[in-house]
Amino acid sequence: MALIGAKLTKLKTGPASTKSGWPSVFALGIALRRARMARRISLRVLAYRVGIHPAVLSAWELGVRAPKLEDVARLLGCLHVKKAEYLEIIDIFRQIDRPTLIEPFSDLANPLLWHYEMTATKIFEWAPALVPNRLQTTDYTQAILENSILGEDEVSRHSLACAARPDIVDGNNPGTFTFALGEPSLRSIADSPQVMLDQLQYLQKVSELPHIRVCVVRGNASTNFVPSFSIYESTRTGATTVVHQSLHGIVYDAEPRNANRYLATAKAIRATAASESSSILTIAEIIDQLRLR
């Protein structure tokens with residue numbers, strides 16, 4: 001078997017990705033893996049059927065290397081995927097040379113977002129009006145939906161995204177999170193003081209964790225900045241990816257000039273925000289105000 005593996009390695013595998021960290025490369029790998037897993041075929045078995053080394057297929061699925069079009073076609077042929085799935089994956093491949101990718105809202109699991117959250121080294125999130133999804137309590141999420149703080153077209157997406165979000169509190173992922181919160185986000189459920197109280201107390205608890213930093217932009221200063229966005233930095237790939245929402249879906253942008261602009265914005269937000277200790281005091285003050293209501 002070792003000899004067979006050595007021979008298989010010599011087959012064309014696609015170049016090592018010169019765009020390592022680009023969302024399209026990761027999205028393609030995720031799509032290929034989902035197609036294989038849906039048919040309960042092991043990586044080693046599929047690699048044998050296609051005639052490549054398992055390590056090569058693993059690299060494709062992880063987004064470390066980019067396969068060629070004929071490689072993708074062979075994989076999908078071996079998996080006997082239906083036409084709709086085939087065209088969807090081929091469409092992802094055709095975007096392989098683009099630093100920007102839009103993940104449709106129809107894909108409610110947001111697998112690409114999960115990938116970035118679980119592999120990034122540094123994560124910055126700006127949340128001017130609402131507590132970020134990853135820090136929301138269940139009751140807070142429900143109150144947002146019941147009070148129609150979000151538009152009707154956003155309700156189902158928001159609810160499912162919150163239900164499926166990764167648990168960052170356990171600290172199993174390698175990244176450090178910095179959450180910059182606009183002060184309005186700490187008062188966003190005025191008619192549900194108990195829900196807001198529980199949410200703020202949860203923020204206090206989370207802010208004590210070593211891999212999570214919470215800072216508050218006081219007053220109306222948050223209106224001077226752009227809408228909510230996240231930045232994912234990876235030392236493994238050297239890439240910086242900006243994530244935000246558009247009318248069509250979740251936008252992943254690894255174009256260096258755009259990333260640098262958002263990094264500059266994040267720096268400005270951090271400069272305006274209170275220190276971590278002062279931010280905790282601000283949260284504590286709002287908690288006291290709620291208790292007196």
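Which residue just after α4 takes a positive phi? In this predicted model, the residue is G63, with a phi of about 80 degrees. The report below starts with the whole protein, then turns to the helices around α4, and ends with some single residues.

**The protein as a whole**

The protein has 12 helices and 7 strands. Of its 293 residues, 48% are buried. Among contacts with a separation of 6 or more, 77% are between residues 24 or more positions apart. The accessible surface comes to about 15,000 Å², and carbon and sulfur atoms hold 55% of that surface.

**Helix α4 and its cover**

Helix α4 spans residues 54-62. Its buried residues are P54, V56, L57, A59, W60 and E61. The cover over these residues includes three other helices: α2 (23-38), α3 (43-50) and α5 (69-79). G63, with its positive phi, comes just after α4.

Two packed helices are described by the angle between their axes and the distance between the axes.

| Helix pair | Axis angle | Axis distance | Crossing |
|---|---|---|---|
| α2 and α5 | roughly 20 degrees | within 10 Å | left-handed |
| α5 and α6 | about 160 degrees | 11 Å | right-handed |
| α2 and α6 | about 155 degrees | 9 Å | left-handed |

The axes of α2 and α5 cross at roughly 20 degrees. Angles under 35 degrees count as roughly parallel, and α2 and α5 are therefore roughly parallel to each other. On the α2 side the contact is made by L28, L32, A35 and R36, and on the α5 side by V72, L75, L76 and L79. By class, the contact of α2 with α5 has 7 nonpolar residues, no polar residues and 1 charged residue.

Helix α6 covers residues 83-93. It packs against α5 at an angle of about 160 degrees, which makes α5 roughly antiparallel to α6. In this contact, L69, V72, A73 and L76 of α5 meet Y86, I89, I90 and F93 of α6. The contact of α5 with α6 divides into 8 nonpolar, no polar and no charged residues.

The angle between α2 and α6 is about 155 degrees. That makes α2 roughly antiparallel to α6 as well. From α2, the contact takes in S24, A27, L28, A31, L32 and A35; from α6, E85, I89, I92 and F93 take part. The classes in the contact of α2 with α6 are 8 nonpolar, 1 polar and 1 charged.

**Residue L32**

L32 is part of the contact of α2 with α5 and of the contact of α2 with α6. Not counting residues up to four places away in sequence, L32 touches E61, P67, V72, L75, L76 and I89. One of these, E61, is a buried residue of α4. L57, another buried residue of α4, is 25 residues from L32 in sequence, and the two are 9.4 Å apart in space, C-alpha to C-alpha.

Most residues other than glycine have a negative phi. R40 is not a glycine, yet has a positive phi of about 55 degrees. R40 lies in the loop between α2 and α3 and is exposed, with a relative accessible area of 80%.

H80 also is a residue other than glycine with a positive phi, near 55 degrees. H80 is found in the loop between α5 and α6. With a relative accessible area of 67%, H80 is exposed.

**A buried loop residue**

E183 sits in the loop between β3 (176-182) and α10 (193-206). Why does E183 count as buried? Its relative accessibility is 14%, and buried means under 20%. Leaving aside neighbours within four places in sequence, E183 is in contact with V216, V217, R218 and G219.

Key: Residues numbered from 1 in each chain as written. Predicted model: local features only at pLDDT ≥ 70, side-chain atom pairs only at ≥ 80, totals over all residues. Heavy atoms only, no water. Buried < 20%, exposed > 50% of the residue type's maximum accessible area, 1.4 Å probe, protein only. Helix = DSSP H or I, 4+ residues; strand = E, 2+ residues; numbered from the N terminus. Contact = heavy atoms within 4.5 Å. Axes fitted to C-alpha atoms, helices over the stretch in contact; angles between N-to-C directions. Parallel < 35°, antiparallel > 145°, perpendicular 65-115°, else oblique. Left-handed = near helix turned anticlockwise from the far one by under 90°. Nonpolar A, V, L, I, M, F, W, Y, C, P; charged D, E, K, R; others polar. Areas by Shrake-Rupley, 256 points an atom, 1.4 Å probe, with all protein chains shown as cover.
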